Amino acid sequence: MKRAITFLYILLPGLSIQHLQAQSLTEFNKTPLKQHVYVQLPIGSIKARGWLLKQLEQQRDGATGMAEELYPEKDNLGKNTDWLGGEGSSWERVPYYVKGLVALAYTLDDPMLKAKAQKYIDWTLNNQQANGLFGPQKMNDWWPRMPMMYALQSYYEATNDNRVIPFLSKYFKYELDNLDANPLSEWAKARAGDNMEIAIWLYNKTGEKDLLKLVEKLKQQAYPWIDIYTNNGFYFFGDDFQPKHMVNVAQALKFPVVYAQLQDLPVNLQAFSKGINHIMHDHGQPEGLGSGTEFLAGTGSMQGVETCTVVEWMQSLETAAKVIHEVKIGDQLEKVAFNALPAQFSRDFKNHSYYTLPNQVQSIHGGHGFNQDYSTGIVSSPYSGFGCCRYNMHMGWPYYVKNSVVATPDKGLAVITYGPMEIETVVAGNKKVKITEETNYPFGEQIRLRVGLAAPVSFPLILRIPAWSVKPSIKLNGIVLNGVKAGEMFTVTRKWENKDQLELNFPMEVTTNTQVNNSVSVERGPIVYALEIKAINKVTKTHAVTGFTDYEIHPQSAWNYGLMIDKSGLTNVNLLQSKMPDNPFIAANAPLKIKVLAKRIPSWGLDYNKMAAFDVPFGPIASAEKPEEITLVPYGSENIRLSCFPVIGEPKKGNKTLVENFDHGMANNWVFYGGGWFWKDGQMNVSSNPGSGGYGINGSKYVANGTDFKDFIYQADVKINTTGDAGLMFRVAKPAIGPDAYQGYYVGLDQLNGTIVFGKANGQKWTVIRSEKYPVEMNKIYTLKITAKDTKFDIFINGSPKPVLSASDDQYQSGSIGLRTYKALASFDSVKINTF
């Protein structure tokens, strides 16, 4: 395999630093806060270059720059919005937008964007109430003020406007004095970590001790995120949807590390990594974060990721990297930024998709059955899905840029993430330095940094060495440095000279990672690769703002491929390298594509709604089709994609037995479809989804797709916690989201009607085969047992000597087993099946 070579150069050319405020406005943690915490450089200290600059410029010329024209209503960004003293009810929408707008404006140093932001900043700063409260007077909610405080933080660091610090001090005093009478609730209770982070930032500016009291009070009133992440407790709150809402979960990932600065305890720091591990095990997607539509939604390839989740997940990682100095955080951040983030947008940043799916083979109007479902949820539009994302999405790229390099307490710098950019700051107290980073990374392996100094100066430079890199190396002025290891932070401490340069080489290999149903994703370095699908865009609506349309995306080439993999990995891998384009996130011009061998799988098609592909078939899967060479392109370079690939091969022989007691969490190779499933106290449970816009709760399924049983004895403990029915599925194939979206049989205990029911589903049609009266009590454990032999089925309850129900049917011969509920909450345990 050919390898591109990536160089990192630190260049020290003639110095002309315009942004001298850098570390003069950077205060590190004061006591009693945790020491040795990194600090972000003031916005504007880091300028994007190359392909990264192109992303920001597209924002300026696209959805960010045109947002006020796109959303001119008083309840959005209109002149009569309440955040400009008008009559509207923008609530979170203006603060969301201004948070990203300010970051973009000062990262690009763009006068037009600065002017757009300034009116919101000025109105906010000039209209603070006498008691310290700010924002619209009629808005009695702590939450929308939190994103506006981030906007004020960025604005202050870029301008040193002397109104900001006393403004925030006055507000935080008001907040501390009033939280007991008006405690955090709903979104503010879920997102208190944002408030805490700004309070700590202000404490390091002013030293006001009451700010630490405020942080503690906010922590006490917030959801118990440290316990939630530690114990995988997202679904432990019944009808309260806030802790299982994936945007909240992503946003609160920063909560433990923010609070760890006040209480530097292992449990606080560990909660962050434990939370990510739990999310990725139970809900992980190949692009590096958990699914959520809008609640945590499992590992299935039919589930999606919300745009708000992507940008909030990134910001939480950016915050964590400053407190926990681990390589894996930067690795995770790059994976999300280089894959999930561009995938949410059209190639020109004019449109977004509210949800994106790892296997999204078309983008059309209609319902998927998500917990929160929208007919435009996966359509490319300035108005896709619910309104939050079209305002919150603007911070993604600018925040990535501004957090890529941070200041260290020992008066040096640490590189958290890489990309083409230029850093102008001060080190070693007040010595000006300019670092120019020249690279095509992550598409190339070489990064060049050039450092510019007016005079020699000593300072440490800390470099993240990605864990995926194969034999990484660093050269300083052409001399190889010793001790460079993948997965470690490498520190270069020396007296730097003008025009010193570093060359970082991070060799990348094409690898596969196991995904849902034993499928695989393909990766090279931080980039996930997806099938290149020929597509046609069908405009469905033209908007009043010139150049903005809604469009569906329809595939024009086959997508149902499985990869050919042998013991050594992918077969016949070829890298196709081309010239680096201005925008690498356009599939046709991708600077690196991958050719691999694959076979079509004719039986794999669209689901029952004809909206999405069926979940990726469990592999290995046989195919009689001829091998074909297919092309893979970067995940974020297309808006339709296939990234979870089944593996072509000899299917595994049918199972003889299975025992699953759920002793240690959610089982491997079980997938849920619709609603939400969670593990607690050694049981699998169906979550409460009140107010859900989807229909998953009406027929939520948890299926062991890797099983295949024909004749058997199958039993499990079932406890119904509300009216409705719950029971066991068997001989199941093609499960999808929806009450009857599967093929196979189901035996359920119907509490509402006092019956036991045996029936079958064929796509979306449910047929009762037989039912019998049986008194079913709520909150009582029933051991449900099924014997299946050929076409005859006997059902026993609690060890009854004779069948409670017997029936015959010949439609389904074999298939997977699973658990199911219909309009009920239930718990399951002690699953056991043996073949005859």
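I began with helix α6 and listed its buried residues (under 20% relative accessible area, with a 1.4 Å probe and protein chains only): V164, I165, F167, L168, S169, Y171, F172, Y174, E175 and L176. The model is predicted, so I noted that local features need pLDDT of at least 70 and side-chain atom pairs pLDDT 80 or more, while totals for chains, interfaces and linings use all residues. Residues are numbered from 1 along each chain as its sequence is written, and side-chain values use heavy atoms, without hydrogens and water.

I then looked up what these buried residues pack against, and found α4 (111-126), α5 (145-159), α8 (192-206) and α9 (210-221). Helices here are DSSP runs of H or I with at least four residues, numbered from the N terminus.

I checked the length of α6, residues 164-178.

Next I searched the whole structure for disulfides (pairs of cysteine sulfur atoms within 2.5 Å) and recorded 0. For C389, the nearest cysteine sulfur belongs to C308, 3.3 Å away. C389 is buried, at 0% relative accessible area, and C644 is buried as well, at 1%.

Finally I turned to the domains, whose bounds come from an automatic or database assignment. They are domain 1 (36-222), domain 2 (407-439 + 445-505) and domain 3 (657-835). The centres of domain 2 and domain 3, taken over C-alpha atoms, are 57 Å apart.

Note on methods:
Helix = DSSP H or I, 4+ residues; strand = E, 2+ residues; numbered from the N terminus. Expected span 1.5 Å × (residues − 1). Buried < 20%, exposed > 50% of the residue type's maximum accessible area, 1.4 Å probe, protein only. Contact = heavy atoms within 4.5 Å.
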